[in-house]
Amino acid sequence: MAIYSYCLLWFGTFVGVELTAFDPATPHITIFTLLFCVNVVFYILLRTGLSERFKDPSLTVLQMITGILAVTAVLYYSRELRGAMLSIYLMIMTFGVISLDRRQLLRMAIFIQSCFSLLLIGEGMLVPQQVIFSYQLGHWFILALVLGSFVYVGGYIHNLQSRVREQREHLREAHDRLAAIAIRDDLTGLYNRRYFMGRLEEEMSLASRSGSSLHLAIIDLDHFKQVNDTYGHPAGDEVIRRFSAIASIGLRRSDILARYGGEEFVVLFPHVSTIACVSALDRLREEFAAQKYPFADELRNTFSAGIVQYQHNETVQDFSRRADQALYQAKANGRNCVVKG
């Protein structure tokens with residue numbers, strides 16, 4: 001955007017020189033060549049990421065200062081077009097509205113006013129015979145008033161943009177929370193049953209196409225009702241959270257663990273053998289049984305699990321039913337065991 005603006009300014013300056021609206025001695029080629037070289041440096045810094053090392057990664061202030069100095073140099077040769085050319089200062093200020101707050105805009109306005117003041121002072125010293133004091137004073141006050149107004153309005157716009165960004169961030173956070181609620185269980189943070197059933201269909205379809213192995217395990221915490229009846233529901237919640245934490249750490253990242261409901265959990269094991277699945281569940285069962293709880297030193301929990309391997313073209317209902325049957329067999333065997341269906 002800056003380079004495009006400078007091209008327009010250069011074109012206007014070139015036409016002004018040709019029409020003698022500018023001083024014929026205007027070194028516009030030198031001014032704009034130097035300006036483009038500086039902007040190439042800015043471009044390289046931004047594209048390579050080196051600008052991230054600066055306090056202002058967008059280099060907005062440096063780009064604005066470069067533009068202000070260039071415009072001030074052009075104004076020196078602008079003759080009777082100076083009043084119109086002052087508006088270019090406002091174009092540069094517009095460049096900073098998105099990135100700068102009101103205090104920073106005020107600093108840039110002061111810098112512009114200072115540059116223009118030095119320009120007028122320099123003209124008064126170098127070519128006093130060409131100076132019309134009333135015009136210079138009028139230009140100075142007009143620029144000061146417009147810059148002051150621009151700082152106020154620009155600061156207001158910046159504040160509005162900041163509030164919009166904050167609202168968008170809050171909306172994004174709310175959306176993320178809703179998305180998490182839609183697929184996560186509140187108590188454990190694990191996937192919920194609804195999400196799991198969707199993933200189950202996806203994994204079954206993938207296994208059917210690729211011929212890869214897929215195992216489904218259903219886990220039931222043994223005698224969980226007694227925990228609630230003896231120690232209370234908060235204790236039961238802690239047992240569920242403890243199992244969830246252990247299972248989350250003990251299983252692979254590719255395994256899909258979810259709370260199926262109450263004290264029941266389900267696990268999908270993709271791309272692994274039956275022996276490896278049973279071994280993982282046995283390790284989890286032993287670690288869970290070794291847990292100690294601050295509210296009851298004597299409490300020891302176990303679980304029963306049934307695990308089955310997916311059969312080609314099997315339905316979700318059939319796959320789940322076979323896993324349930326394996327779980328019931330584990331309970332019939334006295335609980336605290338893993339049964340392969």
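**View 1. The side chains of R322 and E314 meet in a salt bridge, with 2.6 Å from N to O.** A salt bridge is taken here as a side-chain nitrogen of Lys or Arg within 4 Å of a carboxyl oxygen of Asp or Glu. R322 counts as buried because its relative accessibility is 17%, and E314 is buried as well, with a relative accessible area of 11%; buried stands for under 20% relative accessible area, exposed for over 50%, and partly exposed for values in between (1.4 Å probe, protein chains only). The model is a predicted one, in which local features need pLDDT of at least 70 and side-chain atom pairs count only at pLDDT 80 or more, whereas totals for chains, interfaces and linings use all residues. Residues are numbered from 1 along each chain as its sequence is written, and side-chain values use heavy atoms, with hydrogens and water left out.

View 2. Salt bridges with shared partners join R199, E202 and E203 into one network. E203 is buried, with a relative accessible area of 13%. A search of the whole structure finds 12 salt bridges. Helices (H or I, at least four residues) and strands (E, at least two) are DSSP runs, numbered from the N terminus.

**View 3. Strand β1 (residues 214–221) is mostly covered, eight of its eight residues being buried.** In a regular strand the side chains alternate between the two faces of the sheet. Both faces of β1 are covered, with L214, L216, I218 and D220 buried on one side and H215, A217, I219 and L221 buried on the other. β1 pairs with β3 in the antiparallel sense over seven bridges, where pairing requires that DSSP finds at least two bridges between two strands. L216 has L268 as its bridge partner in β3. Seven bridges also join β1 to strand β4 (residues 303–309), again running antiparallel, and in β4 the bridge partner of D220 is S304.

**View 4. Positive phi values at L59 and H271, neither of them a glycine.** L59, with a phi of about 55°, is found in the loop between α2 (28–48) and α3 (60–76), and counts as buried at 2% relative accessibility. H271, whose phi is near 55°, has its place in the loop between β3 (264–270) and α11 (274–289), and counts as exposed at 52% relative accessibility.

**View 5. Y152, V153, Y156, I157 and L160 make a nonpolar surface patch of about 470 Å².** Patches are made of residues with over 30% relative accessible area and no salt bridge, with like charges joined within 9 Å and nonpolar side chains (Val, Leu, Ile, Met, Phe, Trp, Tyr) within 5 Å; accessible areas come from the Shrake-Rupley method with a 1.4 Å probe, and for residues only the protein chains shown count as cover. Y156 lies in helix α7 (residues 133–183) and counts as partly exposed at 45% relative accessibility.
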